[in-house]
Amino acid sequence: MSVPTMTADPALDEQRRQGLRRMRSLAVGLLLFAAVVYLLTFDSSGFLGYVNAGAEASMVGAIADWFAVTALFKHPLGLPVPHTALIPRRKEMLGRSLEEFVGENFLQEGVIRERLQVAQLSRRVATWLTEERNAARVVDEVAAVLHLGLSKVRDEDMRVLVEEALLPRFLQEPVSPVAGSLLEEVVRDGAHHGLVDLVLEEAHRWLADNEVTFTEIVGERAPWWSPPALNDRVTHRLHVELVAWVADIRDDPRHHARLAFDDLLERLAQDLLHDPDTQARTERLKDRVLGHPQILVTATSLWNAFRTALLGALEDPAGPLRRRGREELVGFGRRVLEEDALRKRLDAYAADMAVFAIGRYGDELTAVITHTIDRWDGKEAARKIELHVGRDLQFIRINGTIVGGLVGVVIHAVSQTL
């Protein structure tokens, strides 16, 4: 089994390699310059003695720092000196240390919450979404994913899902408590009033526009012996009264018919929750409906119709669905920018999600560092790391040469003074 290698951009590696060579040449050049100055001022006194002492210390500092830098990546001069070639030999320890460092200093709840608070993530996302082209991009991506997912779902898969998963589950679960609780909430919040208004409005419109149809329907049920003229007057009067009655109910939110309907729904909700007979009848109705052979065909047909309509809407970039999606995203972004409380809630949600994810999967994330470094080839890892940080490490050699020379001058001055 081959050892995995580290991959990188060859062009970037070549740039780093050239920069490393230039800095190495500079460091070596300073060392050679110090050696030449040392030889030229050897056994000199006076001012040249200071120069000679500085050059000597510069060579010592340069060689010491060269040894220290080189010992990180390989054996200096190929000699197996103890505690050299640290990275190739101790890469496993390096991986564990990096894992502990990242976990202790970055993946902590306080650090994550502070950074997310400073980042103002919700404001940035909202600002980005308020631009039409960005909202369109999000909608296009979501539409593409949904279209692909819906296209992959087969009719057989949906039939199996309904037959083997949904229907058995619905048959096992009692529907009365759920229906009763839902109906109770609807009645308490008055959520059904909009539907009642719509039904009354449509009923009034139909009655007002279809008097002939109404009179014909009612007239068919009149006694055979009743005179036609009397039938016409009665059905006309019934139509007028019914239209007026529906209009009264429509226009009066506190009409007794509305209140009676609310009471009926409230009693039904209570019966579904507490009356055994109502619950039993509801369960029998549920069993008959779900046990009917046509339910699978109907469910599949409804799914096909929904999927076909949704796929068509998703395919049209200028269609109402995607246009509404873009408008909603832009509007949401503007709302987030305008409402401080909403931004704070969203930032808090993001922080909670990040902390939860880190708390649950943080160890797995940091373990990737150790597992990856453990699989590296030691020598190749050293070469790659040196390629990335070696150029900066050459400044240690350069600084060592310069600082060593200055220290050498100071020591020579102290010696001469004493």
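**Figure 1. Aromatic pairs in the predicted model.** The count of aromatic pairs comes to 2 in this structure, which is a predicted model. Tyr-38 and Phe-42 form an edge-to-face pair, with 5.8 Å from centre to centre and 70 degrees between the planes. Phe-42 counts as exposed, because its relative accessibility is 52% and the cut-off for exposed is over 50%. Trp-303 and Phe-306 form a tilted pair, with 6.1 Å from centre to centre and 40 degrees between the planes. Both Trp-303 and Phe-306 belong to helix H15, where they are 3 residues apart, about one turn of the helix. Trp-303 is buried at 16% relative accessibility, whereas Phe-306 is partly exposed, with a relative accessible area of 47%.

Figure 2. Helix H15 covers residues 294–315 and includes Arg-307. Arg-307 has a relative accessible area of 13% and is therefore buried, since buried means under 20%. Apart from neighbours within four places in sequence, Arg-307 is in contact with Leu-150, Val-153, Arg-154 and Asp-155.

**Figure 3. Crossing of helices H6 and H16.** Two packed helices are described by the angle between their axes and the distance between the axes. For helix H6 (residues 121–129) and helix H16 (residues 320–338), the axes come within 8 Å and cross at roughly 140 degrees. That angle makes H6 oblique to H16, because an angle has to be over 145 degrees to count as roughly antiparallel. The crossing of H6 with H16 is left-handed. On the H6 side, the contact is made by Ser-122, Arg-123, Ala-126, Thr-127 and Leu-129. On the H16 side, the contact is made by Leu-329, Val-330, Phe-332, Gly-333, Val-336 and Leu-337. By class, the contact of H6 with H16 has 7 nonpolar, 3 polar and 1 charged residues.

**Figure 4. Crossing of helices H10 and H13.** Helix H10 (residues 193–209) and helix H13 (residues 256–274) have axes that come within 12 Å and cross at roughly 130 degrees. H10 is therefore oblique to H13. The crossing of H10 and H13 is right-handed. H10 contributes His-193, Val-196, Asp-197 and Leu-200 to the contact, and H13 contributes Arg-258, Phe-261 and Asp-262. The residues of the contact of H10 with H13 divide into 3 nonpolar, 1 polar and 3 charged.

Figure 5. Gln-120 is placed in the loop between helix H5 (109–119) and H6. The phi angle of Gln-120 is near 50 degrees, a positive value in a residue other than glycine. Gln-120 counts as partly exposed, at 39% relative accessibility.

Figure 6. Ala-136 is part of helix H7, which covers residues 132–152. With a relative accessible area of 18%, Ala-136 is buried, because the value is under 20%. Along the chain, Ala-136 and Arg-323 are 187 residues apart, while their C-alpha atoms are separated by 8.4 Å.

**Figure 7. Arg-383 of helix H18 and Lys-74.** Helix H18 covers residues 378–417, and Arg-383 is located in this helix. Arg-383 counts as exposed, at 53% relative accessibility. The C-alpha atoms of Arg-383 and Lys-74 are separated by 9.2 Å, while the two residues are 309 residues apart along the chain.

**Figure 8. The protein chain as the setting for the close-up views.** The chain has 18 helices and 0 strands. Of its 418 residues, 27% are buried. Among contacts between residues at least 6 apart in sequence, 74% join residues at least 24 apart.

Definitions and conventions:
Residues are numbered from 1 along each chain as its sequence is written. This is a predicted model: local features need pLDDT of at least 70, side-chain atom pairs count only at pLDDT 80 or more; totals for chains, interfaces and linings use all residues. Side-chain values use heavy atoms; hydrogens and water are left out. Helices (H or I, at least four residues) and strands (E, at least two) are DSSP runs, numbered from the N terminus. Buried means under 20% relative accessible area, exposed over 50%, partly exposed in between (1.4 Å probe, protein chains only). Contact means heavy atoms within 4.5 Å. Axes are lines fitted to C-alpha atoms, for helices over the stretch in contact, and angles run from 0 to 180 degrees between N-to-C directions. Angles under 35 degrees count as roughly parallel, over 145 as roughly antiparallel, 65 to 115 as roughly perpendicular and the rest as oblique. A crossing is left-handed if the near helix is turned anticlockwise from the far one by less than a right angle, and right-handed if clockwise. Ala, Val, Leu, Ile, Met, Phe, Trp, Tyr, Cys and Pro count as nonpolar, Asp, Glu, Lys and Arg as charged, and the others, Gly among them, as polar. Rings of Phe, Tyr and Trp (its six-membered ring) pair if their centres lie within 6.5 Å; planes under 30 degrees apart count as stacked, over 60 as edge-to-face and the rest as tilted.
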